[in-house]
Amino acid sequence: MTSIRAATAAELADWDERTVDAPGGHVYQSRAWAEHRIAAGWEADHLVFADDGYRVLALRRRFPFVGGSSAYVPRGPIAAGEPAEKTAQRLSAIAIHLAEAGVAVVAADAEIPAATGYRERLAAAGFRPIEEIQPSRHRITLPLAGRDTDDVFGGIAKSTRQRIRKAEKDGIAVVRHDGRLPPSGVGEGFAPPSEPAEVALDRFYDLLLETGERLQFSFGPRERFLAWWRSALRAGHLVLLEARTADGEPQAGLVLYRHGERLSTVHSGDHAAARRDHPGALHLLRWRAIQLALTEGRAEMDLGGVDVAGARREPREGEPTWGLYQHKRSFGGEWLELAGAHERVLDANRYRLGRLAARAARLLRRG
């Protein structure tokens, strides 16, 4: 059986290089994310495969009253350039290791394409599909490998290109807040920030609230989001782009994750008035994000998810996410079906008792 152990201090020192920056890596496998979740009451296991040094972050939450715990491997185990069969074997080994520590159920949601057969290999290993833990299962992907700026821009729909050019002509500036700036600065097409990133992130949260009210979705507590964004920005995992008018008025914002071989769209928002007065502001933001991905040599621009909740499929005309789907497709994006979230129950009785105990604890807190 594969030997798995806790990471040493030396292995923690280069943890993010092996879990975030590696092929298929994800920000939610980072040390910063582990620390953020610990602050929310989770326990973090930084695990290492003894034979080859492969790393994986597992989060555990203890069941109240009854003992034992549940575990979650956030957006992992990462593919790390290995075939899906190997990744499935790793997840099975992780589950066995965690079972020995009293874990009753393990959930995982690595972002691995369904076409690899990963879903079927997990089923053979005793995992079953579950509803997504993160907002989306699938994503719109824009392949960038071997392409230059002109080629990518030429693949954008004509109407979207026109909006981008109009926003540039109107003097819309894109301010770049980034914890991993090169010595050369923010780069062509970007404006340097004139205020601390914390101020801009706080303003962006307000923008998300406004956008959510308009589109009928909600966000968690302000401080929880801001604490994570600040931490991820310091670690170089997060980029905030903000579109401003020539006189400095914020119009739209975009938060990106930098991981693996891609930049990923995480959150976007714009003011309702901006859609009327500067309808190309958000389009310009997405184009600048694509340019940044090209500059950094990324193989993919991940334009984010638009799948229909519950159904988890491509939107259809008339459904709530249809407009966003069309918007992202206009940049040349393609629908990419991923394997989705799965769980394996290791101790059915403990899992059942744990769920009942957790529900009772929530009711007690409310009372």
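A nonpolar core is taken here as a set of buried Ala, Val, Leu, Ile, Met, Phe, Trp, Tyr and Cys residues joined through side-chain atoms within 4.5 Å, where buried means under 20% relative accessible area, exposed over 50% and partly exposed in between (1.4 Å probe, protein chains only). The model is predicted, and local features need pLDDT of at least 70, side-chain atom pairs count only at pLDDT 80 or more, and totals for chains, interfaces and linings use all residues. Residues are numbered from 1 along each chain as its sequence is written, and side-chain values use heavy atoms, with hydrogens and water left out.

The largest nonpolar core has 34 residues, and those with the most contacts inside it are Leu144, Leu241, Leu256, Leu285, Trp287, Ile290 and Met301. At least two residues of this core come from each of strand 7 (139–143), helix 6 (149–154), helix 7 (158–169), strand 9 (238–244), strand 10 (250–259) and helix 11 (281–295); helices (H or I, at least four residues) and strands (E, at least two) are DSSP runs numbered from the N terminus. Helix 11 gives the most, with ten residues. A second, separate core of 33 residues includes Ala107, Leu201, Leu238 and Val255. Contact is defined as heavy atoms within 4.5 Å. Leaving aside residues up to four places away in sequence, Leu241 touches Val174, Val175, Arg176, Phe190, Ala252, Gly253, Leu254, Leu256, Leu285, Arg288 and Ala289.

Seven strands form an open sheet of mixed pairing, in the order 8-9-10-11-12-7-13; two strands pair if DSSP finds at least two bridges between them. Strand 8 (173–178) and strand 13 are the edge strands, each pairing on one side only. From one strand to the next the twist averages 30°, with axes fitted as lines to C-alpha atoms, for helices over the stretch in contact, and angles running from 0 to 180 degrees between N-to-C directions. Strands 9 and 10 run antiparallel and are joined by seven bridges. Pro250 in strand 10 is the bridge partner of Arg244. Helix 9 lies across strand 8, strand 9, strand 10 and strand 11 (262–270), and runs at about 105° to strand 9.

The structure holds 13 aromatic pairs, defined by rings of Phe, Tyr and Trp (its six-membered ring) with centres within 6.5 Å; planes under 30 degrees apart count as stacked, over 60 as edge-to-face and the rest as tilted. The pair Trp33 and Trp228 is edge-to-face, because the ring centres are 4.7 Å apart and the planes stand at 80°. This pair links distant parts of the chain, with Trp33 in helix 3 (residues 31–39) and Trp228 in helix 9 (residues 222–234), 195 residues apart. Trp33 is buried at 11% relative accessibility, and Trp228 is buried at 4%. Tyr325 and Trp335 are also edge-to-face, with centres 6.4 Å apart and planes at 75°. Tyr325 lies in helix 12 (residues 322–329) and Trp335 in strand 13 (residues 334–336), so the pair ties together parts ten residues apart in sequence. Tyr28, Trp33, Trp228 and Tyr257 form one aromatic cluster.

In helix 3, Ala32, Trp33, Ala34, His36 and Arg37 are buried, and their cover includes strand 2 (43–49), strand 3 (55–62) and helix 9. Helix 3 is followed by Gly41, with a positive phi near 105°.
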